[in-house]
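Subject: The two-chain model

Hi,

Here is the structure I promised to pass on. Have a look at it first, and my notes come after.

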Amino acid sequence: MELRFHALTKEYGNKLALKGVNLCLTDGIYGLLGPNGAGKSTMMNILTGNLPATKGHITLDGKDIRSMGQEYRKLLGYMPQQQVFYPGFTAEQFLFYIASLRKMEKKQAASRIDALLEQVELSDVRRKPIRSFSGGMKQRLLLVQALLDDPRILVLDEPTAGLDPKQRILLRNLIGKIALNKIVLISTHVVSDVEYIAKELILLSQGEILCKGTHRELTKSLQGRVWEVCAGEDEAARVGEFGSVCGLAKTAEGISVRLLAEKEPPFPCRALSPTLEDVYLHYFGELG
Amino acid sequence: MRYEWKKIFANPHAVLLLIAALLLNGYLFYRHCTDSSPGYTEAQIRAKYGQNIDIEEELRELDARSLDFTADSRDLNLITGDVYLERRLDREVLSRMEEAEHYADYLQEKQTEIRARLNSGFMGPEGGFPYEAQLRVAETYRKLEGIQPEVSFSGGIAIFTHWHITDLLLLLFCLTAGLFLMTREHTAGLLLLLRPTARGKSSLYAQKFLTLLLFVTWAFVILYGTDFVLSGLILGFGRLSRPIQSVTGLLPCPTPLTVGGYLLRFLLEKLLWLWAVSAVVFLLCTPAKRPTHALLPAALVAMISLLMGQSSDLWVQSLSLSFLSDTAERYSNCLMMNFFGLPVPRRIICPIFCVLLLIGCFLVGLHSFCKKPTVPVAKGRSSQLFRPGRHTSLTRHEAFKQYVSNGGIFLLIVFAVLQALIYTNRSFPISQNEYHLQQYAKVLAGAPNAQKDDFLIQEAARFEEIRQTIDEYYSNIQDAHIAEILTNEFEQKLMPRDAFEMAKAHYENLGEGEAYVHQTGYTRLFGPLGIGDDLLNVALLLLFLSLSLGRTFSEEAETGVAVLLTTIGAQKRVRRRKLLFTALTAFPLFCIAFLPQWFTVHRVYGLEQPDALAQSVTVLRSLPKGLKIWQVFVLTGILRGAVTALGCGVILHLSKKTENTATTMLASIGLLVLPPLIARLLL
C-alpha cells in the first residue's frame with residue numbers, strides 16, 4: 001500500500017499552513033515531528049477527510065482518496081488530539097457505537113472490543129461512564145476506537161498526551177505490535193514516543209517538510225557535532241556561545257553540558273552519539 | 001464582573017436574538033399604541049379630548065345623521081372620517097369623562113355597598129377576617145374623599161402600564177443570562193478553573209448574580225424605555241401631578257397617588273418582579289449541567305405560575321409569578337389578604353413577596369453553588385436506567401441517544417402529564433341552556449325534513465300553551481306571590497324555551513345542503529377560545545420540541561464526536577437516523593399537544609356529524625363551500641403538522657448552525673415559542 005501526498009497545500013485566509021507537501025508513505029510507522037503550529041494537525045485532518053486541501057491531493061495506490069469515498073474510509077483509523085466522547089456513554093457502549101458507525105458485525109465487534117480493552121487495560125472499567133475516566137483512560141479508549149476495525153491506515157494525533165510512563169510504553173508497544181501491515185502516522189512533539197518504533201521520521205516546520213529519514217539517517221547527519229562539555233560553574237554560561245545547549249547536569253567535577261556544535265568547543269569535552277532529541281533541537285531549536 | 005458581562009455578549013447568535021427581541025418589542029408596542037381595531041385609535045381619543053366641544057351635543061347630531069341611510073357616512077371634518085365610527089369614539093370618550101366626573105358618587109356607592117355587605121351578615125361576625133377586611137376597605141376609600149380626578153386624556157399611561165408583551169420578552173433576557181453565566185460554564189467544565197474555596201465561590205456567585213441583575217436591569221431600561229418613549233411621543237402622559245384616579249381603568253385605585261408617583265411605583269415594582277423572576281431562573285440554572293436541565297424546570301415553573309394565576313384562592317393567585325408581573329392590576333382594586341387574621345392590602349404583599357423571593361433564591365443558589373465540589377465527583381456507575389445491549393445497530397444507538405441520553409422519553413412523559421393537568425383544570429362549563437341545546441340537537445340533527453318541522457311546530461305550540469297557562473294563573477290570582485308558587489312548575493317547563501328558540505332559529509336558517517349540527521363543540525374548537533387554546537398548545541409543543549431536539553446536531557459538535565463521524569464517513573447515515581427520530585419524537589409530542597383539546601371538547605360538548613357540510617357550523621361559514629366538517633379537521637391537522645414540521649426544521653437548522661445547545665434552545669424559544677404566546681396575549 002502506498003499513500004502519496006501531491007503538493008498538498010492548505011491556506012487559512014492569508015496564512016499558509018501547508019506549503020505544497022510531497023510525501024510518500026508505505027507500510028510501517030512514521031513519526032511526524034514538529035513544534036506547535038508546524039502544520040501536523042492540518043496534515044492529519046486533510047488525510048482523514050476532516051479538512052479539504054486548498055491545493056494538491058492525496059492518493060492511495062494511485063487513486064485519489066476523495067474519489068474513493070467509503071472504500072478509503074473503511075481503511076482509516078483516526079485518534080484525534082481532542083478527547084471526543086459522549087460523556088454519558090460507558091466505554092463499551094461508545095465502542096459499540098463506533099462499531100455500528102463502521103458497519104461491523106456484532107460478533108466481530110464484540111471480540112475486537114474485548115481484546116482491545118484487555119490490551120489497553122480498560123476491561124475492568126468497560127461498563128463505567130466515560131465521564132468518570134481519567135485523562136489517560138480516555139486517551140487509551142480513544143486509541144481503541146481507532147483500532148476497532150483493524151484499519152490499514154492508522155492516524156494518531158498526540159497519542160501519548162496525558163499518559164504516565166508505564167502507559168506510554170504500553171501504548172508504544174501496542175502500536176509497534178499492530179503496525180506490521182499498516183501505514184501508521186503518529187504526530188507528536190514527544191520525540192521518545194517514536195524514537196524506537198518509527199520506520200521513518202518526518203520533520204515538519206511552518207508547513208514544509210524539513211527532512212525525512214530513518215532514525216539512523218537523521219542521527220548520522222549529526223555525527224561529530226554532539227559534545228559532552230565539562231565546565232566549572234563560572235564557565236558553564238559561556239559554553240552556550242559555542243553551540244546549542246541540549247542539556248545540563250551537575251556532576252562532582254562541575255557542570256556537564258550536552259552541546260550541539262559544528263566544531264569542538266574550547267573546553268574539556270568528548271564526542272557523543274547523537275540522539276533524535278539532538279536532531280529535533282538542531283532543526284527546531286531556534287524556532288522552539 | 002466585567003468579564004461576566006462579556007460572557008453574555010460573547011455569543012453572536014444570542015446577541016442577534018436579543019437585538020431581535022428589542023426590535024420586536026418596539027414594533028409591537030408601536031402597533032399597540034396605534035391600534036384601530038375598536039374603530040378609532042387612542043390618538044383620535046386624545047384629539048377628541050382636545051376639541052373643546054360639547055360631545056353629547058355632537059353625539060346627538062351624529063345619531064340623527066346615522067338614521068339617514070341614504071346619506072354618505074363619510075365626513076372628513078370628523079376625526080375618524082366616518083359618522084358611525086365617530087359615534088363610537090364619542091361614546092367611548094363620554095364614558096371615560098363621566099367616570100372621572102362622577103368619582104365622588106363612585107366613592108359613595110362603594111361605602112354604601114360595603115355597609116350593605118356588613119349588614120347582610122355574609123361577612124361573618126365582627127372581628128372575623130371578612131368583616132375586618134370590609135372595614136379596612138371602607139376606611140381606605142374614605143381617605144380618598146376629596147380627591148377630584150382630572151377629566152383629561154390618559155390613554156398613554158393606561159397603554160404603557162397594561163402592556164404585558166414586554167414582560168414576556170424580558171424573560172428571554174433572564175434565560176440568556178442564566179444559561180450563559182452559569183449552565184454553559186457548567187457544561188463546558190469551566191467552573192473547574194474558577195475559585196475553589198467556599199469564600200471564593202461565594203464571591204464569584206455574588207458577582208454572577210449581580211451581573212444577572214445588572215443585565216436584566218439594562219434590558220428593562222431599554223425595553224420599557226422604548227415603550228415609555230413611544231407612548232410619550234404618540235399619546236403623551238398628560239399632567240403628571242394629576243391624581244391617578246384620572247386614568248381610565250384606575251378609578252378604583254385605593255392609593256392617593258399622582259400619575260407621576262404611580263409611574264415611578266409601577267416601574268420600581270416591575271423591576272422588582274423582574275429581579276425576582278431572574279433570581280428564580282438563576283437558581284434553576286445553578287445546578288443544571290445541560291441547558292435542558294434548566295429550561296425544562298423553568299418551563300414547568302412558568303406553567304405552574306400560570307395555573308396558580310387562575311386559582312380562586314387569593315394567596316395562591318397573588319403569589320404566582322404571572323400575577324406578580326401585573327403591577328397595574330394591583331392598583332386597580334382594593335383587595336385585602338388574610339395575614340394571620342389581619343387584613344393586609346394585596347398591593348403591599350406582592351412587592352414584599354418579590355423581595356423575599358429574590359433574597360431566598362439568591363441564598364439557596366449560593367448555598368448550592370458553594371456546596372458543590374469544584375472538581376466534579378464522577379459516579380462510579382452510569383446513572384442511566386436503560387443500557388443498550390452489545391449491538392452494532394446504528395438505529396438503536398441513535399434511538400438511545402435521542403430518547404435516553406437526551407431525555408426524549410422523559411420530556412414526552414412530562415409534556416403528557418402537563419397537558420393532563422392543564423386539561424383537567426381547564427373549565428368546560430355546561431350551562432342549563434347548553435344541556436337543552438344538546439337535547440334538541442338529538443332530535444334535529446341532520447338535514448331538515450317534515451318530521452323535524454312538525455316537531456318544531458309542536459314544541460312551539462307546547463311552550464305557547466304553557467305560557468298561556470301561566471298568564472291565566474296570573475290573571476286569576478291576585479296575590480302575585482301565590483301565583484308565583486303555583487306557576488313554578490310551569491316556569492320550570494318553560495326553561496328550555498331559550499334553547500328552543502336558538503335551535504329553531506338555527507334550523508330555519510339552514511341553507512341548501514346544510515345540516516343541523518350542534519354548534520357548541522365546534523365553536524369551542526374553532527372559535528376565539530379554541531384559537532387561544534391552539535396558540536398555547538402550539539407554544540407548548542414548540543417548547544418541548546426545542547428541549548427534545550435542541551441537541552440533535554449540536555451534541556456531536558460539542559463533544560467533538562463529529563470528527564470521528566467525518567473520518568468514518570458516517571455523517572449521512574447518522575443524519576438520516578436523526579431525522580427519523582426527530583419525526584418519531586415530534587409525532588407523539590404533536591398528538592400530546594393537540595389531541596387532549598379535541599378529546600375534551602368531544603367528551604363535554606360532542607362533535608357530532610362530521611359528515612355534514614362545514615357551512616352548517618356558524619364559525620366555519622367563511623370556509624369554501626362543499627367542504628365537510630371532517631375535512632376541516634384533516635386540514636387543521638395538516639396545518640398543525642406543517643407548523644410542527646417547520647418548527648422541527650428551524651430547531652435542527654439552529655442546532656447545526658450554532659453548534660451550541662444553549663444557543664439553539666434560546667433561539668428556538670425566541671423564534672418559535674414566543675410568537676404564539678405573544679399572539680395569544682394580543683387576542
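Below is what I found in it.

This is a predicted model, in which local features need pLDDT of at least 70 and side-chain atom pairs count only at pLDDT 80 or more, while totals for chains, interfaces and linings use all residues. Residues are numbered from 1 along each chain as its sequence is written, and chains are lettered from A in the order in which they are written.

Now the cores, meaning sets of buried Ala, Val, Leu, Ile, Met, Phe, Trp, Tyr and Cys residues joined through C-beta atoms within 7 Å. The largest nonpolar core has 90 residues, and Tyr30(A), Phe94(A), Leu95(A), Val144(A) and Val184(A) have the most contacts inside it. Helix α4 (residues 91-101) of chain A brings the largest share, eight residues. A second, separate core counts 87 residues, including Leu169(B) and Leu677(B).

Finally, where the chains touch, 33 residues of chain A and 25 residues of chain B take part (contact: C-beta atoms, placed from the backbone, within 7 Å). On the chain A side, α4(A) again gives the most, with eight residues.

Best wishes

Terms used
A residue is buried if 20 or more other C-beta atoms lie within 10 Å of its own, exposed if 12 or fewer, and partly exposed in between; C-beta atoms are placed from the backbone. Helices (H or I, at least four residues) and strands (E, at least two) are DSSP runs, numbered from the N terminus. Two residues are in contact if their C-beta atoms, placed from the backbone, lie within 7 Å.
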